[in-house]
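Student: I would like to work through the contacts and ring geometry of the structure shown below.

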Amino acid sequence: MKFIRQFGIILAFIFAGEGLRAVLPFSVPASIYGLALLFLGLFTGLIRLDWVEDAADWLVAIMPITFVPASVALIDDWEILRPFLWPLLLICTVSTVVVFGASGLAIQALIRLEKKPSRPEKEKEEPPHA
């Protein structure tokens with residue numbers, strides 16, 4: 001029952017994202033709206049992590065399986081994709097390297113911020129005694 005409740009909470013945010021997509025004029029996928037809403041709910045404490053953690057872990061674990069049908073569909077479209085193979089491979093390679101680099105720099109910055117000692121408040125300097 002716990003798993004169904006957790007999955008229901010996640011679905012509620014997905015449906016809220018669908019609602020936002022229908023109302024807002026931006027070309028943002030509904031899943032991104034839902035993900036952002038769930039993040040905000042977790043960040044603000046409106047939703048506790050243990051309310052969705054098990055269902056989210058399960059969804060992440062089965063995520064690779066969801067890509068199999070799309071990958072198989074690419075085989076059917078091989079003749080259409082063949083002329084674009086090298087540009088696609090180049091774009092995928094370059095974007096992967098850029099994402100790796102950006103992620104690495106972001107993590108390094110966070111590690112530096114975490115290691116940086118907090119500055120104590122400056123004590124008020126007393127004027128020299130005359």
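Student: With which residues is alanine 55 in contact, leaving aside its neighbours within four places in sequence?

Tutor: This is a predicted model, in which local features need pLDDT of at least 70 and side-chain atom pairs count only at pLDDT 80 or more, while totals for chains, interfaces and linings use all residues. Residues are numbered from 1 along each chain as its sequence is written, and side-chain values use heavy atoms, without hydrogens and water. Contact means heavy atoms within 4.5 Å. On that basis, alanine 55 is in contact with Phe3, Gln6, Phe7 and Ile10.

Student: Which residues form the largest nonpolar core?

Tutor: A nonpolar core is a set of buried Ala, Val, Leu, Ile, Met, Phe, Trp, Tyr and Cys residues joined through side-chain atoms within 4.5 Å. Buried means under 20% relative accessible area, exposed over 50%, and partly exposed in between (1.4 Å probe, protein chains only). The largest such core has 7 residues: Ile9, Ile10, Phe13, Leu38, Ile47, Val52 and Ala55.

Student: Is isoleucine 47 buried or exposed?

Tutor: Isoleucine 47 is found in the loop between α2 and α3; helices are DSSP runs (H or I, at least four residues), as are strands (E, at least two), numbered from the N terminus. Not counting residues up to four places away in sequence, isoleucine 47 touches Ile9, Phe13, Gly41, Leu42 and Val52. Its relative accessibility is 10%, so isoleucine 47 counts as buried.

Student: What kind of aromatic pair do phenylalanine 3 and tryptophan 58 form?

Tutor: Rings of Phe, Tyr and Trp (its six-membered ring) pair if their centres lie within 6.5 Å; planes under 30 degrees apart count as stacked, over 60 as edge-to-face and the rest as tilted. By this rule the count comes to 2 aromatic pairs. For phenylalanine 3 and tryptophan 58, the centres are 5.7 Å apart and the planes stand at 85°, which makes the pair edge-to-face.

Student: How many residues apart are phenylalanine 3 and tryptophan 58?

Tutor: Phenylalanine 3 lies in helix α1 (residues 2-23) and tryptophan 58 in helix α3 (residues 53-66). The pair thus links distant parts of the chain, and the separation is 55 residues.

Student: Why is the pair of phenylalanine 39 and phenylalanine 43 classed as it is?

Tutor: Phenylalanine 39 and phenylalanine 43 both lie in helix α2 (residues 30-44), 4 residues apart, about one turn of the helix. Both are exposed. Their ring centres are 5.8 Å apart and their planes are at 20°, so the pair is stacked.
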